[in-house]
Amino acid sequence: MSHEEKHGASSEKTYAGMTRRTLCLGAGGAAVMLAIGGVGAIPAQAVVRPPGGQDEGDFISKCIRCNECAEVCPHHIIRPAHLESGILNFRAPTLNFDNAYCDWCAEDNGGVPLCVEMCPTQALITPEGATFENTILGVAEINTTTCLAYRLTGCRDCVDACPLEAISLDSENRPVVDTALCNGCGACEAACVSLQAGSVVSSTDERAIKVRPVAKEA
Amino acid sequence: MSKKLRIAIPIIVMAMLAVAYALHLPLGSLSNFGWETISVLCPLGALTTMLASKTLIPHALISLVIAVVAILLLGRAFCGWICPTPVLSRLRYAFTSKSKLKAKEEVAAAQDNAGQSSDKIELTDADRALLKSACRGHGSCASKGTLDSRHLVLGGTLLSAAIFGFPVFCLICPIGLTFATIVLLMLLFGVGDLTLGVIVAPIILLIEVVFFRKWCSHICPLSAIMSLVGKANRTFVPTIDDSKCLETSKGVACGKCSQVCEVKIDPRHPELGSHMSECIKCRACVEACPGHAISMPLIARAKKLEAGDVTEQ
């Protein structure tokens, strides 16, 4: 049977050395690759990127989703982004401040972020003169309905955690973020106890202070 | 022996990478394998990121050079020994009972045998010469030497990356998705990071490796790169010792080597099968040869296989 097929194939018409079947498969595959490229046009949510990934267009053009940054992060705060935040974001790195924050590897690598150093494609690349203070990963936002301090419990964990003194207390001892000083490092979010201590709070899985991605300029 | 090793090694490699990830050791993944900054990037990832960002990335360039050198030396050995895709594609037999599989295999072998032996008997030297010359000019045999569907997919991949500005294939790469599935599962059970992706990633992966049976030989753009660069590969090429080969020494029709070849190379009659650049260095022919005539030497001695002459026009 295979014998006959072999002979059949040799007399079949070919296109640039390919049988029609091969050509169709290849053209179909190429079309699918172009279609997947179109996925990039589907708007994806902005997410908080590791240092050096703030130029989103440049970042997305280079990230191969190899997970190297997540592997080398000494604080284990880099995670693959969820599919829910957009197909293009899926598996690309984002920051999770549940347990720790980004200090630009101050102790682990002398202030040079290891993720930037290890990124093989320069998707994460810090511009000349970029520092911990002037690189805006995101901006902390307080949810006044879930924040314990806004229920006048006197909680000030975020204020104490902030390395930039970007959070101050108002006249009623409630924290307020100075967006001009905040760099989105996540120290406040990592310190926030609203989810553990505020058992009355339902219908949220977010802490009362949360680093949000900076709105993209149109 | 090689067959078992070729299943074990990709699994061991993946397990090693997973452990390194869990322990935060900077070993990378198959997309970027190495230690800390000394690593080799996937050649397709290197190409597409440079095309997408329209910049020259030093690490990517160096990785490309290393990859080309590796392919020149080893051909498609990555496909045969390290890539997890062929191992995963065995899952397509997961729901077939073992006895059924064996029966199927035997039927196929018997058919192959029948076809092969009649083939061998019919062919005279004159026929062979005719076939060879026909191959040289004729388009139908060019599929063995020039382009096939993989190369179109590769072209589409590069074009798409350049147009849409991101490494498109990375989104669906089965090698990347294998590692991603492991990482997502570790995050799910390790830190309770629940996402739809932990289901979607393995589903895409399974569709690719189970549904598209010919992924490696007909679709994979990485395989396309390797077969293109691998055309210049002259090392570790299956070489036949004519004094031991049953066909040349005793005139017996054998064809065992071509029967066992996964990528349909015919080491005895290279003009009849796939181009030698498809060789995944799996050593199946070496181990199957009843006369122990085939070896894969680092450099073949003067009397080489004719694979090169046939298709290098």
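Biologist: What should I know about the numbering and the model?

Modeller: Residues count from 1 along each chain as written, chains are lettered from A and ligands numbered from 1 in written order. In this predicted model local features need pLDDT of at least 70, side-chain atom pairs need pLDDT 80 or more, totals for chains, interfaces and linings use all residues, and side-chain values use heavy atoms, without hydrogens and water.

Biologist: How many helices and strands are there in chain B?

Modeller: Helices (H or I, at least four residues) and strands (E, at least two) are DSSP runs, numbered from the N terminus. Chain B has 16 helices and 5 strands.

Biologist: What is the order of the open sheet of 3 strands in chain B?

Modeller: Strands of a sheet pair through backbone hydrogen bonds, either parallel or antiparallel. Pairing here requires at least two DSSP bridges between two strands. In chain B the order is β1-β2-β3, with antiparallel pairing. The edge strands β1 (28-29) and β3 (38-41) of chain B each pair on one side only. Strand β2 (residues 32-35) of chain B is joined to β3(B) by 4 bridges, and Phe33(B) stands opposite Val40(B).

Biologist: Which residues have the most contacts inside the largest nonpolar core?

Modeller: A nonpolar core is a set of buried Ala, Val, Leu, Ile, Met, Phe, Trp, Tyr and Cys residues joined through side-chain atoms within 4.5 Å; buried means under 20% relative accessible area (1.4 Å probe, protein chains only). The largest core has 84 residues, and Ile77(A), Ile78(A), Ile167(A) and Ile209(A) have the most contacts inside it. Helix α1 (residues 2-22) of chain B gives this core its largest share, 5 residues.

Technical notes: Buried < 20%, exposed > 50% of the residue type's maximum accessible area, 1.4 Å probe, protein only.
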